[in-house]
Amino acid sequence: MAVMSVADAYRSAIAEEMRADPAVYCLGEDEDIPGGMGGAFTVTKGLGDEFGANVRVPTKHGFETKGLDIANDRVINTPISEILLAGMCVGSAMAGMRPVADLQYGDFLFCMMDQLVNQAAKMCYMSNGQVKIPMVMRAPCGATNRGAQHAQSLESYFIHVPGLKVICPSTAFDAKGMMKQAIRDNNPVLVFEHKLLYGGKRKEAGQLSALGEVPEMDYTIEFGKAAVRREGRDITIVANMLMWYKAMQAAEELEKEGISCEIIDPRSLVPFDYDTVTASVEKTGKLMIVHEDHYTGGWGAQLASYMAEHAIQLLDAPVVRIAAPDCPIPFSPVLENYVIPSKERIADAARRLAKL
Amino acid sequence: MSVFPPKEKALGMYKTMYKIRKYEESIYYLFLEGIMPGTIHQSTGEEASAVGMLYDLRKDDWMASTHRPAGHDIAKGISVKAMMCEMFGKAEGCCGGKGGAMHTGDISVGAMVANAIVGGNLPIAAGVAAAFKMQKKDNVVVCFFGDGASNEGSYHETMNAAGLWGLPVVYVCENNLYSANTSIKLTCCQENVAADRAAVYGIPSEVVDGNDVLAVNEAAARAIARARAGEGPTILELKTYRHGGHSRNDACGYRSKDEEKYWIQDRDPVKNFRKVLLEKLVVTDSELKAIEEEIEQEIDEAVEYAKNAPFPDNESALKNVFWEEK
């Protein structure tokens, strides 16, 4: 076992898969530039040393440029061209490669929406299964004092698109195992990575330590299997990424007050593990859903309606949803803290729910 | 004009052009009869582009098409029977009835599923070309697009990278003068919408008479050889014209009668190539008539077969959303 940050766990997964399978390659802006960050959050830093990259390296008298040798370099520093980035993934995947793309900020997904929704998601289907699109799109997400265009939680846009898999790992163990699974999957997989959980060398205000033990051996984690982060008997809280960490903090306090919370991290949204949630609600009779995404049309709305449709007899109280309100994410740290669900908000809502 | 091709090749090109013409005509009449579902974007008038570009392409080279794919697909080797079944939404269609007129394709002959988002196929073709290089193959990709696609962001993002990285791809602009109803003169400062914007991306280009199959074929040979030799992409701009409207309900009220007469009567690529074949004395009129009758029969049989072929099972609608191992 090695103790790793989430960022290191992702890097380790990508490097191991690149060693094991020559079809795997990385691409993205600033993917691995000497003296640069390795994506925006250090995940791909240093991969070019082992696998080759197109770079501009310092020399005694300035810089020397080594252009891309596309036949041999496996870490591709791309122009800022999101349509190209996604299209390269779709095309190369169709022709037998396994691209792992880095978007820097998930908010830029909108710049490549056609390629993801009209192309990647539909090629297998429209061709009646003639081609597969094994591609990974890594999308850092979450509010981090950067203002409305570098703050969004975007998972829910994509759970609506048939043909895309959507995962949101949040521990080092899951990061490595699920990234490996994503790279080996034969479909487009969107990986949402919360910026405050990376634990990389780049420090972020409000970041949590998600350092965790990661096995040395090769392992993968199947999609569609939720993780029960905490067992409890009174309330089921389903929360993803940063939110389940906050729910854990709230649960510690609530335990002292005699309210026992079970916390479930879905880990993957497509496919979604409804069974684990249903089994938990069967025990607790109460369901709270917490996500950083906006209230209207968030994945919590889908889960709540699923439970209403299939398991309403298990519920002793209305489903409670805690989410960011329907406003863009503001910059001011005070305002951002106000809109992003907090430990206090989760605890208050749980106290009210416990009384019902 | 350099060397006239040998008789077998010249006749082979004519056969495919004629097959595309008759296929599109039959589709047109099936729509008029009201028995074919959906919409159509016909390639009638653009046969020289499809055949000139694809005649010498290897089967394991790939081709990316647009919302107007029939000519490209037939020239790349999809049977008219599989195409016709797809048009009727039948199970034996090349995409099992799930693709339709704008998404025909058969990867076993190198025809990627056609792409109905203008410019959507451009970066995908770059990705395929990159994969060929990474896999140390000498294959190339031919990617068709229309004049309208040259104004999409995807065009500029893709050309920048394709030129920068020297990808083995030939980008072929079929400039038929109209982006749907709108003249390219209203949407772009350049006369040659794709070729004039190639140099800025470090990509060589040629403007070619897109209705002359031999001129297209020669330009294709140069561009494909460059790509295969690792010398990078080429942009070819083929000047051509669609005989019909953009789609099935378009009566082309925005085109002048003089313009239509010039392109449709005087510059018809199929009729003109037929004349060239006769002038060059490689073939007699009766030989050509026999070839044409054989093709007409093949199309008629495909139509009858497709009409009577079974529809897919309802359950197939829910298959292949994700990859399924065979």
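Biologist: What radius of gyration would a compact globule with 356 residues have, and what does chain A have?

Modeller: The radius is taken over C-alpha atoms, and the globule rule is 2.2 Å times the number of residues to the power 0.38. With 356 residues, the rule gives a value near 21 Å; chain A has 21 Å, so the two agree. The C-alpha trace of chain A spans about 70 × 50 × 40 Å along its principal axes. This is a predicted model: local features need pLDDT of at least 70, side-chain atom pairs count only at pLDDT 80 or more, and totals for chains, interfaces and linings use all residues. Residues are numbered from 1 along each chain as its sequence is written, while chains are lettered from A and ligands numbered from 1 in the order in which they are written.

Biologist: What does chain B have, with 326 residues?

Modeller: Here a compact globule would be near 20 Å; chain B has 19 Å, which agrees. Its C-alpha trace spans about 55 × 50 × 40 Å along the principal axes.

Biologist: What is the mean pLDDT of chain B?

Modeller: pLDDT is the predictor's confidence in each residue, from 0 to 100. Where it is low, the predicted coordinates should not be read in detail. For chain B the mean is 96, and 99% of residues reach 70 or more. For the complex, the predictor gives an ipTM of 0.96 and a pTM of 0.96.

Biologist: How many helices and strands has chain A?

Modeller: Both are DSSP runs numbered from the N terminus: helices are H or I, at least four residues, and strands are E, at least two. Chain A has 12 helices and 16 strands. Chain B has 10 helices and seven strands.

Biologist: At what angle do α8 and α12 of chain A pack?

Modeller: Axes are lines fitted to C-alpha atoms, for helices over the stretch in contact; angles run from 0 to 180 degrees between N-to-C directions. Helices α8 (242–256) and α12 (343–355) of chain A pack at about 50°, with axes 8 Å apart. That makes α8(A) oblique to α12(A) (under 35 degrees is roughly parallel, over 145 roughly antiparallel, 65 to 115 roughly perpendicular, the rest oblique). The contact includes Ala247(A) and Leu254(A) of α8(A), and Ile346(A) and Ala350(A) of α12(A).

Biologist: Where do the axes of α1 and α2 in chain B stand?

Modeller: The axes of α1(B) (7–33) and α2(B) (47–54) come within 9 Å and cross at roughly 140°. The two helices are therefore oblique to each other.

Biologist: How many residues of chain A are in contact with chain B?

Modeller: Two residues are in contact if their C-beta atoms, placed from the backbone, lie within 7 Å. By that test, 37 residues of chain A touch 35 of chain B. The largest share of the chain A side, nine residues, comes from α3(A). By class, that side has 19 nonpolar, 16 polar and two charged residues (Ala, Val, Leu, Ile, Met, Phe, Trp, Tyr, Cys and Pro count as nonpolar, Asp, Glu, Lys and Arg as charged, and the others, Gly among them, as polar).

Biologist: Which residues does a cis peptide bond join?

Modeller: The bond joins Val270(A) and Pro271(A), with omega about 0°. Pro271(A) lies in the loop between β14 (268–270) and α9 (274–284) of chain A.

Biologist: What is phi of Thr42(A)?

Modeller: Phi is near 70°, a positive value in a residue other than glycine. Thr42(A) sits in the loop between β2 (24–28) and α2 (47–51) of chain A.
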